[in-house]
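User: I am new to this structure and would like to learn how its features are read. Please begin with the packing of helices.

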Amino acid sequence: MFGAMMNYPLTLVQILEHAHRIHGDKRVHTQLPNGKVHTYNYDTLYRRVKQLANAITTLGGRPGDSVATFASNRYQHLEICCAVPYAGAIIHPLNVRLAPTQLAKIVEEAEDKLIFVDGACAEQFSKLEEKIECEHVVLFNADTGQNENRTNPSIEYEQFISEADDDYISDIQDENWAMALCYTSGTGGEPKGVLYTHRSMYLHTLAANQADVFGLTESDVVMPLVPLFHAMGWGLPYASMFAGAEIVFADVKHERIVDLIVETGVTVAAGVPTVWARLLPELQKRKQEVSSLRRLIVGGEPMPPTLIEAYEKGLRVEVRHAWGMTEMSPTGTFCTLRKAHQNLSDTEKCKIKAMQGRPIPGVQMRLVSENETELPWDGKAIGEVQVRSPWTASGYYKNDSTPGHFTEDGWLRTGDLATINAEGYMQIVDRAKAIIRSGGESISTVALETVLLKYPSIKDAAVIGIPDEKWGERPLAVVVLSLQTDCDISETLRQHLATEFPKFWIPDKFVVVDEIPKTGVGKTDKHAILQMLLPNHKRKPHYVKHR
Ligand code: AMP
């Protein structure tokens, strides 16, 4: 027998309406390309979103159409990420850091007919535009003259909006209607599309806003230093709007980023570990000024324990280490301490916080061996993490040949190898594709990197497997030093690692570089490192097993 409750569709419309009705005076701040800060409130955002939804419809946009963006994090980008799904179309933020040929394939697959372009990205966009057929380009934050120099003239964003009425009424009847399309970063193969629904995004937003997850409140000022194309900025903008928190958009590399934290009173900031490693020295110098900052949400890559300690002990900023994937909208686990950990030492607490955490409510997780048997949660058994949740993809966009990615009983194979302890804390050991198999034994690149980063003069480190005739594969470490030196540091690093690992784990070679290549979302790009060191190397077969 069915219950007798309202069948009220869970859609993004409710998030937007709530932000307007209940938190209309809350603000969105944006650092513009010219360095100035633009500020307005959710009321204005709401009105402009309605105008934009009208303008898109008038231009011919229909429900189910894919509408792309090629932009940095700005208030206009947020407006588009609200207006497109509000009008029943699919918002598709393009990863501006991908190569034009790769992007062209994505645009073709998504059938994007309308693209919103940020003036600051217009030059990169011109390289893509040559390769695609796009009916309409709408340009925002463009310099005077930028439009005139274009081969195909574009529509100016403010004019586009101002010509439309704000009387648009959204009419999305089915919560399972598609609302956003995000592509995986594709470091281990071609990027694949994940098509979120209104329902999945709504439920992800509710789950993310729980106290032990993002834990956002109406008093928060949130700075997502995560591009909107990376799983909709990890869902932070929608979560902030639902909670009534203020949002601060900034360019992660902007020299005035710490000023912006101070001026806007940021309380919660989110980004990959590289961002926090880069900002640490300035935050330490200006510790008193940045006292509003109370929490970091960190994920995408393992957060080194030394960096966690620097924030927690040195700056008194709580670090919440999270794990997830584009396929999971993206949140899967979050690391918060249990009551039982209250009396542990600070160092012991940081050790727990360096784990990726426990599944958030709504996410089911299991650990599976190579022969598909379920493994115990004992903190020792290493297996592939498989997940399911209302915000996990059930397949890839326009891609039927995905049995390698999903199990027959409907779980997502994440391709991540991990242990899970009896308390439910997961610790990533490696990507299945990155783990090194040497003489039949496994070597975790993550574990080696974590210990390398504990060495005082190492600023960044990555370990990759290189082919070896005798052992199959051997580890090679690439390091960035904080101080230049002519001395060979290899022996010192060998000894440093030997205190924690067996002899066969120690990399055969240590290569000092100025910078470690990063992917479009700021993660270590191991494929690029391999290409840099061994240009003729072909990907090993298990690189393509999952992603
Ligand atoms: P993406 O879809 O680009 O967000 O990439 C997802 C992948 O990033 C996961 O499958 C993991 O391999 C990796 N990842 C995400 N968060 C973490 C984390 N906290 N620690 C280690 N790896 C992570």
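Analyst: Axes are lines fitted to C-alpha atoms, for helices over the stretch in contact, and angles run from 0 to 180 degrees between N-to-C directions. Helices (H or I, at least four residues) and strands (E, at least two) are DSSP runs, numbered from the N terminus. The model is predicted, so local features need pLDDT of at least 70, side-chain atom pairs count only at pLDDT 80 or more, and totals for chains, interfaces and linings use all residues. Residues are numbered from 1 along each chain as its sequence is written, and side-chain values use heavy atoms, with hydrogens and water left out.

User: How are two packed helices described, and at what angle do α7 and α9 cross?

Analyst: Two packed helices are described by the angle between their axes and the distance between the axes. Here the axes of α7 (residues 198–208) and α9 (residues 236–243) cross at roughly 65° and come within 9 Å. Angles under 35 degrees count as roughly parallel, over 145 as roughly antiparallel, 65 to 115 as roughly perpendicular and the rest as oblique. The helices α7 and α9 are therefore roughly perpendicular to each other. Contact (heavy atoms within 4.5 Å) is made by M201, Y202, T205 and L206 of α7 with Y238, A239 and F242 of α9.

User: How do α2 and α3 pack?

Analyst: The axes of α2 (residues 42–58) and α3 (residues 75–86) are 8 Å apart, at an angle of about 55°. These two helices, α2 and α3, are therefore oblique to each other. Residues in their contact include L45, Y46 and R48 of α2 and Y75, L78 and E79 of α3.

User: Which residues come nearest to the ligand?

Analyst: A residue is near a molecule or strand if one of its heavy atoms lies within 4 Å of it. Of the 16 residues around the ligand, A322, T326, D416, R431 and K523 come nearest. A polar backbone atom of A322 is 2.7 Å from a nitrogen atom of the ligand. For T326, a polar side-chain atom lies 2.7 Å from an oxygen atom of the ligand. A polar side-chain atom of H230 lies 2.9 Å from an oxygen atom of the ligand.

User: Where is a cis peptide bond found, and which residue other than glycine has a positive phi?

Analyst: Most residues other than glycine have a negative phi, and most peptide bonds are trans. In this model a cis peptide bond joins S329 and P330, with omega about 10°. P330 is found in the loop between β14 (318–324) and β15 (331–335). E372, which is not glycine, has a positive phi near 70°. The loop between β17 (364–368) and β18 (383–388) holds E372.

How values were computed:
Polar contact = N/O pair within 3.5 Å; in protein donor to acceptor, adjacent residues only side chain to side chain.
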